[in-house]
Amino acid sequence: MNVIRRKRRLAPGVYDFLIENKHIVKYAQPGQFVVIRLHEKAERIPITIAGKEEDCFRAVVRAVGKSTYELCLAEEGSSIMDVAGPLGRPSEIDFYGNVMLVGGGVGIATLLPIAEALKAKGNKLYVVLGGRSKEYVIMLEEFSKLADELIITTDDGSFGIKGVVTDGMQLLFEREKIDIVWAVGPTIMMKFCSMKAKEHGVKIWVSLNPIMVDGTGMCGACRVSVDGKIRFACVDGPEFEGDRVDWDELLKRLAQYRKEEEESLKLFIQEVGDLSWL
Amino acid sequence: MREQDPKERIRNFFEVPYGYSEEEAVAEANRCLQCPAKPCVSGCPVEIDIPAFIRKVRERNFEEAAKILKQYNNLPAICGRVCPQETQCEAKCVVGKIPNSEPVAIGRLERFVADWEAEHAVQTKIEIAPAKHKKVAVVGSGPAGLTVAADLARRGYEVHIFETLHKAGGVLVYGIPEFRLPKSIVEREVNYVKSLSVQIFLNMPVGRAIPVKDLLAEYDAIFIGVGAGTPKFMGIEGTNLNGVYSANEFLTRVNLMKAYLFPEYDTPVRRGKKVIVVGGGNVAMDAARSALRLGAESVTVVYRRTEEEMPARREEYIHAVEEGIKFYWLTQPIRYVGNEKGELVGVECISMMLGEPDESGRRRPIPIEDSRFILEADTVIEAIGTEANRFLLSQFDGLKLNKYGYIIADENTGATSLRKVFAGGDIVTGAATVIEAMGAGKKSAEWIDKFLSGEYDPWK
């Protein structure tokens with residue numbers, strides 16, 4: 001169980017894993033995640049399920065802190081100590097008509113199974129993918145096959161439109177009648193996507209990634225304010241309607257352990273050496 | 001019993017009481033009157049033959065004492081440490097009724113025997129009935145689940161436990177701190193349960209990783225013992241500020257994830273300087289004493305009633321006071337105050353007075369107007385109880401729940417509204433003690449056995 005069958009580099013510091021786990025492969029639905037623990041001393045970290053291949057599930061990880069760096073360094077053939085899941089509520093897949101999908105960073109990977117399921121229901125897919133520069137826009141090939149229209153945005157203009165994903169959204173909103181939106185990416189991106197969707201009066205789902213411990217509703221670490229009420233992202237989410245989320249509070253909560261995260265990463269780099277090549 | 005000095009122990013997570021030596025145990029056992037009426041047994045939820053095991057301690061036959069304990073109790077090292085004996089077996093002890101006399105320390109003797117057994121690596125022979133070729137699924141590996149599993153395995157059933165977390169033990173591993181219940185002891189008891197051929201599947205959230213309908217199809221009976229794991233929040237302004245924890249999160253980080261060893265272990269926890277704990281139960285004491293050990297300058301418990309009404313075990317409260325934890329009685333937080341970064345800086349409280357008794361029989365706390373004040377704090381831990389976890393129960397079609405979301409189960413048998421599904425522990429009663437959950441597991445095991453052998457069918 002939990003053997004890393006394949007590992008590929010998608011972008012600097014971004015790795016695509018195939019991890020063997022028959023339960024997750026059998027039962028995972030789009031929008032769900034797993035909680036992994038690499039080894040005895042590791043944290044429990046939530047990772048979204050990006051798809052399935054035979055007896056493996058796919059997970060795309062960006063190295064940002066010690067735990068994710070350590071995961072990205074894990075080699076093919078090695079095992080992850082614990083993988084619990086699938087967890088969270090699946091996406092509400094249905095026929096909506098014209099669906100806009102907005103992805104940024106590794107959120108693009110989360111979006112992929114949702115896109116596939118929506119396509120299978122007969123929806124027309126308008127996809128906007130964004131990244132810092134060309135090399136950070138991942139899974140282009142998969143989305144080219146799926147999307148009825150694909151817009152790429154990059155901050156530096158090295159690929160597609162120079163700008164951010166909300167610029168791509170604006171272009172589509174001006175041109176098409178969009179029935180529903182999904183946006184997955186960095187929290188700040190999802191905040192602006194939600195504002196953009198609200199501006200055009202269209203419902204938007206976002207997939208939140210707050211700090212989480214157990215992932216089963218037991219600890220309450222992942223609480224977010226939605227419509228002014230406390231919700232737990234692990235069991236009530238991870239998807240919520242974006243215009244109802246208290247984004248500023250969520251952004252502050254995400255910074256909660258910044259000092260400890262920096263300390264941990266510094267010690268790790270001292271131990272393993274320079275990781276800028278990853 | 002000898003204990004770690006409070007000045008020392010507030011800087012470590014080692015167990016507070018040292019436990020009896022053989023001499024001390026025999027001396028204590030000699031105080032037992034061996035009353036024929038055995039009132040202590042009626043105070044024990046799992047009805048251990050207390051005089052019999054104490055008699056064996058007296059005779060220095062510790063191995064036999066262990067064997068007697070194990071006949072009734074699969075987890076004696078745990079019960080000897082965390083049971084509220086003062087309100088159970090020891091409350092009924094005749095020696096305790098003699099003026100100026102303490103009851104026999106039954107809990108400490110139980111702990112001594114269990115530890116002696118482990119230290120001397122004595123393999124207490126447990127008889128296992130011939131295989132019955134029937135399978136039972138147990139959802140949750142806490143005290144209720146472990147008890148059901150062990151008892152049914154001994155009766156010859158094939159038992160599979162499904163646990164969501166990466167470690168078996170439920171609240172025993174995520175909730176109760178190391179200084180009160182060392183994790184090595186939980187592991188030892190879990191290993192004992194495994195030694196009875198019980199299989200434990202970790203990282204298996206039932207309802208997601210294994211659908212309920214598959215469970216119902218594959219097993220002859222199911223026991224749900226998932227605890228009442230969802231934290232309650234008072235829901236006052238500022239609850240989502242950084243520094244406001246549920247006791248569940250705080251204790252899970254510290255106990256299960258060993259955050260007190262950060263950065264050796266990767267999971268962090270806030271090491272608050274000024275910590276406030278809200279609540280008056282055992283969990284509040286655990287959280288307060290853990291925060292102190294993480295290096296807090298001050299830890300203050302605020303409780304809306306008084307010392308008299310607080311539900312914490314006396315021993316825990318005394319330990320907390322010895323360690324320097326402060327208590328604000330008749331005090332209720334009404335707002336958390338934060339700074340522009342979303343960090344907690346203070347707690348606004350209001351003073352209370354006690355009015356008429358409420359439905360719990362305790363006098364109802366009433367706020368006193370114009371009595372607001374602010375306590376400085378960088379960490380708050382709310383330990384005000386838990387409620388039914390929504391995670392699993394919604395997946396059991398036809399399972400009847402009460403108005404609080406707990407499972408409706410027959411008090412005696414644990415039978416639920418759903419055929420072949422039994423339940424027990426906190427998910428039926430709401431938050432209670434380890435031994436009560438074990439008692440429920442014990443009863444359920446008996447009735448599951450009767451159900452599977454065709455003697456009893458509450459669904460007919």
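**View 1. The interface of chain A and chain B.** In this predicted model, 45 residues of chain B are in contact with 48 residues of chain A. Between them the two chains bury about 3,900 Å², of which 53% falls on carbon and sulfur atoms. On the side of chain B, the residues that lose the most area to chain A are B:Arg208, B:Asn240 and B:Asp266, which together account for 20% of what that side buries. The size of an interface is often given as the accessible area lost when the parts come together.

View 2. Across the interface, 25 residue pairs are found in polar contact, with both residues at pLDDT 80 or more. Strand E5 (230–231), strand E6 (244–246), helix H13 (247–256) and helix H16 (390–393) of chain B each supply at least two residues of the side of chain B that touches chain A, and the largest share of that side, 4 residues, comes from H13(B). By class, the side of chain B that touches chain A is made up of 19 nonpolar, 15 polar and 11 charged residues. Salt bridges between chain B and chain A number 3; in one that joins B:Lys167 to A:Glu40, the closest N and O atoms are 3.4 Å apart. Side chains of opposite charge can pair when their charged atoms come close.

**View 3. An open antiparallel sheet in chain A.** In chain A, 4 strands form an open sheet in the order E1-E2-E6-E5, with antiparallel pairing. Strand E1 (4–11) and strand E5 (51–53) of chain A stand at the edges and have a single partner strand each, so one side of each is left without a neighbour in the sheet. From one strand to the next, the twist averages 30°. E1(A) and strand E2 (residues 14–20) of chain A run antiparallel and are joined by 6 bridges; A:Ile4, for example, has A:Ile19 in E2(A) as its bridge partner.

**View 4. Helix H2 of chain A between the sheet and helix H8.** Helix H2 (residues 66–73) of chain A lies across E1, E2 and strand E6 (56–62) of chain A, and runs at about 125° to E6(A). The axes of H2(A) and helix H8 (residues 258–272) of chain A come within 8 Å and cross at roughly 35°. This contact is made by A:Lys66, A:Tyr69, A:Glu70 and A:Leu73 of H2(A), together with A:Ser264, A:Leu265 and A:Phe268 of H8(A), and its residues divide into 4 nonpolar, 1 polar and 2 charged.

**View 5. A salt bridge within chain A.** Over all chains, a search of the whole structure finds 58 salt bridges. One that involves A:Glu142 and A:Arg58 has its closest N and O atoms 3.0 Å apart. A:Glu142 lies in helix H4 (residues 140–146) of chain A and A:Arg58 in strand E6 of chain A, so the pair ties together parts that are 84 residues apart in sequence.

View 6. Most residues other than glycine have a negative phi, and most peptide bonds are trans. The peptide bond from A:Gly237 to A:Pro238, however, is cis, with omega near 15°, and A:Pro238 is placed in the loop between strand E15 (229–232) and strand E16 (239–241) of chain A. In chain B, the peptide bond from B:Phe262 to B:Pro263 is cis with omega near 5°, B:Pro263 lying in the loop between H13 and strand E7 (274–278) of chain B. B:Gln34, a residue other than glycine, has a positive phi, near 55°, and is found in the loop between helix H2 (22–30) and helix H3 (39–42) of chain B.

Technical notes: Residues are numbered from 1 along each chain as its sequence is written. Chains are lettered from A and ligands numbered from 1 in the order in which they are written. This is a predicted model: local features need pLDDT of at least 70, side-chain atom pairs count only at pLDDT 80 or more; totals for chains, interfaces and linings use all residues. Side-chain values use heavy atoms; hydrogens and water are left out. Two strands pair if DSSP finds at least two bridges between them. Axes are lines fitted to C-alpha atoms, for helices over the stretch in contact, and angles run from 0 to 180 degrees between N-to-C directions. Contact means heavy atoms within 4.5 Å. Buried area is the accessible area (1.4 Å probe) that two parts lose on being put together, summed over both. A salt bridge is a side-chain nitrogen of Lys or Arg within 4 Å of a carboxyl oxygen of Asp or Glu. A polar contact is a pair of N or O atoms within 3.5 Å; within protein, one must be able to donate a hydrogen and the other to accept it, and residues adjacent in sequence count only if both atoms are side-chain atoms. Ala, Val, Leu, Ile, Met, Phe, Trp, Tyr, Cys and Pro count as nonpolar, Asp, Glu, Lys and Arg as charged, and the others, Gly among them, as polar.
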